[in-house]
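These are my notebook entries on a single protein structure. I set down in turn what I looked up.

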Amino acid sequence: MANYDFLRKIPLFSALPDDDLASLCQIVREMELPAGQVLFEEGSIGDMAYIIESGEVEIIKVSQKREILLATRGPGEVFGEIALVFDSPRTATVRARTDTSMIGIGREDLRNLLQISPSAAASMFDIILSRWQNTQNLLRQSEKMAQLGTFTAGIAHELNNPAAAVQRSTEHLDTVLFDSAHTFMRLVRQGLSPEQQTTLEQFVRRAQEQARVMPDLDPLARSDREAELEEWLEDRGIDAAWDCASTLVNLQFTDEELTQLAAVYDQNQLPVIISWLNNNYTIFNLLAELRQGAQRISAIVKALKSYTYLDQADIVRYNVHEGLENTLLILRHKLKNDIKVRRQYDPDLPQIDAHGSELNQVWTNLIDNAADALHNGPEGAAPPGAMITLRTRQEGKWIIVTIEDNGPGIAPDVLPRIFDAFYTTKPVGQGTGLGLDISYNIVVRKHQGDIRIKSEPGQTQFEVWLPTDLEGE
């Protein structure tokens, strides 16, 4: 019984009668684990708990394809007990940091020990409670960091498009301004009369106004009209007729106006006038694109500040619809182009007292989960018709927000555990099992509300019930 004196020093076994401890020494299993070797994987079935005699192991959880070191265990420490006590899969992976000697105790033997020894049961309770709290705190922080990554990716994606458009427009504008300066010098040499200058000014003003909107023409009608104008321009010896024809279509020139244009300017002036109009329209059009890009960036920054509730009190008057829309903006890259979002908002929904940034975290978790449920096809594709529906309504003092998806649904045996900490239906390494637990705590504990769920194939609904006013705040 070489293990007798060692086990007697372990709190889990310290109060066992001598005979019971001696019997236990006969059934435990001595094991060696070389450095770097994995003892068991997260999600595997647990059939044994372990006590370290010498060496060290690391407890690891994989989330978002990265390893999170939860703890290290050294001589005299017990690990692997949670899966046996709760009859659940392993919640983490264990890997040897150094060559490690261990003693293993099987599932039934551990359960018998806890039944016959109150002190062992009390020690096990303390171990599990302490580890549960430490693990939960660590994973909550990891979950926040993972959300921050999702958040950052969403913002980067949303900013990239308008920023790229601004860059392209700026580069194009540099070239067009040079061409415009060259055309202007040609225009000066034409010696336009005051009447011709007035007419030209009117056309330039028209180009400025039309550059902000595109004419409502179907592609076939546009193509036909461009072909007509290109022929008209070529007959009058105008260079780059195809480019100028597109501009004249956008300026909505009629045949009568073209006839008037040709009558006002002679055959030497007309090509310069057309080039000048083309240059100015392009400049105004690029300026409009720059304005739109800058406005889009400004709107994203404003939504970002609203989403995080920077520089505001912890509890604010909260606009639910604004919170949902800001969240959709953050998660637009997750929705990709294959998930439609349907909004069924109550237009008379009042604002509520809320922890604004934390409530946005709830919407982020629920919409992100809905998107993951829909992206369950080959290579993460969503099926045709994939949709997330957002509904809001008021019932008395309650504001109800429904987030629904038409994905495969949640299995009936999973529903009772859906809000349990560390419980996840996602593949190992793709979730910590804390997203819904965090959401539940924010809604129920912080907002005195409730989250209700109904699910069947083709329809999963999360209903978030929030009071309009926080009592006691």
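Entry 1, the whole chain. I looked up burial and found that 47% of the 473 residues in the protein are buried. I note that the model is predicted. For the secondary structure I recorded 14 helices and 15 strands. I then turned to contacts with a separation of 6 or more, and 74% of them join residues 24 or more positions apart. The exposed surface comes to about 24300 Å², of which carbon and sulfur atoms supply 51%.

Entry 2, strand β15. How many of the nine residues of strand β15 are buried? I found eight, so this strand, residues 459–467, is largely enclosed by the rest of the structure. I next looked up its partners. Strand β13 (residues 398–405) pairs with β15 in the antiparallel sense over eight bridges, and Asp405 stands opposite Thr460 in β15. Strand β14 (residues 450–456) also runs antiparallel to β15, joined by seven bridges; here Asp450 stands opposite Trp465. Two residues lie between the strands in the hairpin of β14 and β15, where Gly458 takes a positive phi near 95 degrees.

I counted six aromatic pairs, taking ring centres within 6.5 Å as the cut-off. One of them is Phe184 with Trp276, a tilted pair at 5.7 Å centre to centre and 45 degrees between the planes. Why does the pair tie together parts that are apart in sequence? Phe184 lies in helix α5 (residues 118–189) and Trp276 in helix α10 (residues 269–308), so the pair ties together parts 92 residues apart. I also checked accessibility: Phe184 counts as partly exposed at 40%, whereas Trp276 is buried at 13%.

The charged end of Arg206 sits over the ring of Phe253, 4.6 Å from its centre.

Arg90 lies over the face of Phe40, at 3.9 Å from the ring centre.

Definitions and conventions:
Residues numbered from 1 in each chain as written. Predicted model: local features only at pLDDT ≥ 70, side-chain atom pairs only at ≥ 80, totals over all residues. Heavy atoms only, no water. Phe/Tyr/Trp six-rings, centres within 6.5 Å; stacked < 30°, edge-to-face > 60°. Helix = DSSP H or I, 4+ residues; strand = E, 2+ residues; numbered from the N terminus. Buried < 20%, exposed > 50% of the residue type's maximum accessible area, 1.4 Å probe, protein only. Lys NZ or Arg CZ within 6 Å of the ring centre and 35° of its normal. Contact = heavy atoms within 4.5 Å. Areas by Shrake-Rupley, 256 points an atom, 1.4 Å probe, with all protein chains shown as cover. Pairing = 2+ DSSP bridges.
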